[in-house]
Amino acid sequence: MRFSGLRVLKEGLTGNKGWSPHWRDADPKPEYDVVVIGGGGHGLATAYYLAREHGITDVAVLEKGYLGGGNIGRNTTIVRANYFLPGNSEFYSHSLKLWEGLEEELNYNVMHSQRGLINLFHNDGQRDAIVRRGNAMVNQGDDAILLDRAALRRKVPYLDFDNARFPVQGGLFHPRGGTARHDAVAWGFARGASDRGVDLVQNCEVTGIDVDRGRVTGVQTTRGAIRARKVAVVVAGRSSQVATMAGMRLPIESHVLQAFVTEGLKPCIDHVVTFGMGHFYISQSDKGGLVFGGDLDFYPSYASRGNLPTAEHVMEAGMTLMPMIGKARLLRSWGGIMDMTPDGSPIIDRSGIEGLYLNCGWCYGGFKAVPGSGHCMAHLVATDRPHDAAARFRLDRFRTGRGLMDEEGTGSQHSLH
Ligand SMILES: Cc1cc2nc3c(=O)[nH]c(=O)nc-3n(C[C@H](O)[C@H](O)[C@H](O)COP(=O)(O)OP(=O)(O)OC[C@H]3O[C@@H](n4cnc5c(N)ncnc54)[C@H](O)[C@@H]3O)c2cc1C
């Protein structure tokens with residue numbers, strides 16, 4: 001089924017009876033060429049690009065819950081390509097280019113909105129760091145504009161520019177940054193993969209990975225054993241647990257990240273605004289809710305709900321930056337499980353076990369990575385070679401210390417990141 005304006009009009013006038021399900025809810029077969037574990041954004045995108053780019057369609061995506069029920073449906077939907085270090089820089093640039101054609105590619109409205117993203121700075125040192133970042137972005141072929149205080153005030157007049165502790169001096173504007181509708185991204189990739197023959201199997205938890213003489217042979221699941229030539233582990237916050245099934249210990253800790261949404265308000269925030277000093281970022285959804293978040297809860301956990309001290313910290317940061325937010329009523333808060341690596345950068349690599357591939361370590365920034373990650377992961381699984389844009393996302397960098405991408409500059413230790 002193709003979506004179009006005409007189709008929406010016709011269905012609207014005829015009681016919306018002509019729509020068909022977006023994907024087949026498949027039962028697992030005993031054997032596949034490729035099994036992808038995890039039906040989040042990255043797993044579904046991997047399956048889609050395996051079929052679309054490499055013609056590999058004997059693929060199953062095994063999801064322990066329902067498709068899109070993990071972090072892909074829990075994030076604050078920010079999409080950007082404003083990284084500084086080689087490795088991350090070219091990858092996120094690649095991903096943003098894929099975002100820009102994604103709706104046509106999937107024939108699906110993922111509501112990608114390039115409303116622009118602003119990173120604030122509050123002192124000269126921060127301004128210099130932000131200028132360096134902006135230059136790296138421009139050199140990579142992306143966009144960045146330095147805004148002084150007056151230019152920034154014209155864009156975001158509602159900020160407390162003269163805050164005593166964090167006076168706002170300016171910002172780095174990334175016009176192609178923005179947001180997208182998170183679960184529509186999962187649904188769009190699911191529909192595209194299913195249309196091309198991929199089996200999307202829900203309520204199917206992988207409980208074991210079968211390895212014979214150094215080669216993967218299949219998986220054990222709550223719906224029976226499934227043989228596979230290749231297995232891709234794409235389970236975000238559960239990466240360490242699933243890797244353990246193959247006898248591996250990953251350099252990953254799982255932490256909770258929370259997000260918040262207010263009641264619907266009239267349009268008042270046109271951009272994505274990030275306030276790094278206060279650990280706070282915000283945008284306004286198309287329904288009018290202010291969607292915002294902060295930092296991790298900062299202790300390892302598999303509970304996808306957060307704690308009040310972090311919620312309080314986020315509210316304080318919001319009030320510091322834009323006191324008007326105090327008038328809005330908070331509707332909901334929730335949490336997701338983040339797969340944190342020591343250097344804050346991801347892994348897309350072979351595992352050391354033949355036929356077993358890893359895609360993990362997305363930390364709190366993996367939503368914007370979804371198309372790029374799926375694209376590069378599919379390339380790796382299909383060809384056994386890394387895609388150029390993801391060549392630095394190697395697993396062995398944590399063993400050798402070479403090629404770490406410590407984007408935050410906090411040192412490559414879990415406890416400092
Ligand atoms: C509050 C919050 C805010 C965020 N904000 C942003 C943002 O603004 N921008 C951004 O870029 N990123 C953001 N992120 C990060 C981003 O959402 C994640 O990095 C990304 O979604 C992770 O990849 P995924 O979509 O594949 O994960 P998931 O959707 O979590 O997919 C993994 C899937 O694997 C399944 N699974 C796990 N174990 C098994 C098993 N044994 N068998 C079968 N299936 C299994 C899970 O059920 C899950 O569905 C945020 C995250 C959170 C929680």
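In this briefing, Ala, Val, Leu, Ile, Met, Phe, Trp, Tyr, Cys and Pro count as nonpolar, Asp, Glu, Lys and Arg as charged, and the others, Gly among them, as polar. Welcome to a predicted model, where local features need pLDDT of at least 70, side-chain atom pairs count only at pLDDT 80 or more, and totals for chains, interfaces and linings use all residues. Residues are numbered from 1 along each chain as its sequence is written.

**Around the ligand**

- The ligand is surrounded by 39 residues (C-beta atom, placed from the backbone, within 6 Å), and the closest are Gly-38, Gly-40, Gly-70, Gly-336 and Gly-366.
- This shell holds 19 polar, 14 nonpolar and six charged residues.
- Domain 1 (5-11 + 22-77 + 182-251 + 343-416) and domain 2 (112-177 + 254-340) both contribute to the shell, so the ligand lies between them; the bounds come from an automatic or database domain assignment.
- At least two shell residues come from each of helix H2 (41-54) and strand S12 (253-264); helices (H or I, at least four residues) and strands (E, at least two) are DSSP runs, numbered from the N terminus.

**The sheet**

- Eight strands make an open sheet with mixed pairing, in the order S5-S6-S4-S13-S14-S15-S12-S16; two strands pair if DSSP finds at least two bridges between them.
- Strand S5 (145-148) and strand S16 (330-340) are at the edges with a single partner strand each, so one side of each is left without a neighbour in the sheet.
- S12 pairs with strand S15 (residues 289-300) in the antiparallel sense over six bridges.
- Gly-264 has Gly-289 in S15 as its bridge partner.
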